[in-house]
Amino acid sequence: MAQSLQAAPSAGGYHENVVVEHKMFVWGGAAGTFGSQYHSRLDLFSVNIVTGEWRGHKALPPEMPTSCCYASAAVIGSCIYTHGGEISMLPFTASDELHQLDIKEMRWTKVEARGAIPTG
């Protein structure tokens, strides 16, 4: 089981967030100011939307995604799926990674997609 940390996220933006039952999960994004070099992060937090309590999580490997911002996310059952994102602004570097986070185990798994990656 993953280690839980008692903390709220630091200020930042461009993160991903989804709601699963009574918790909103927030991760990724960037710290820094617009127009300057920022650093992406992979911090993972949840907030209980009933009590307002934040909790920091240390999600377990084996296959954690590369830290990034502007990724897309969706929920199916007790799993969060995340895709893509911006790894670096200078020079611009995009990700085509697809990962699953099992929120019961707090464990990341890389998903091997099949077929051609959409372009454009």
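This is a predicted model: local features need pLDDT of at least 70, side-chain atom pairs count only at pLDDT 80 or more; totals for chains, interfaces and linings use all residues.
Me: Why are β8 and β9 said to pair?
Reply: Two strands pair if DSSP finds at least two bridges between them. Strand β8 (residues 72-76) and strand β9 (residues 79-83) have 5 bridges, so they meet that cut-off. The sense of the pairing is antiparallel, and Val75 stands opposite Ile80 in β9.

Me: What makes up the turn of the hairpin that β8 and β9 form?
Reply: The turn has 2 residues between the strands. Gly77 lies in this turn and has a positive phi of about 60°.

Me: Why is the space beside Pro65, Thr66, Cys68, Thr82 and Gly84 called a cavity?
Reply: A cavity is a set of points where a 1.4 Å probe fits but cannot get out. The structure holds 2 cavities of 30 Å³ or more, and the largest cavity has about 90 Å³ of space.

Me: What makes Asp96 a charged residue in the lining of the second largest pocket?
Reply: Asp counts as charged, therefore Asp96 falls in that class. Asp96 lies nearest the pocket's centre together with His83, Leu98, Ala113 and Ile117. The lining holds 5 charged, 6 nonpolar and 2 polar residues, and the pocket has about 210 Å³ of space.

Definitions and conventions. Residues are numbered from 1 along each chain as its sequence is written. Side-chain values use heavy atoms; hydrogens and water are left out. On a 1 Å grid over the protein atoms alone, a cavity is a set of points where a 1.4 Å probe fits but cannot get out, and a pocket is an open set with protein on both sides within 12 Å along at least five of seven lines; lining residues have an atom within 4 Å of a point. Grid points are joined across faces, edges and corners, and a volume is the space filled by probe spheres set on the points. Helices (H or I, at least four residues) and strands (E, at least two) are DSSP runs, numbered from the N terminus.
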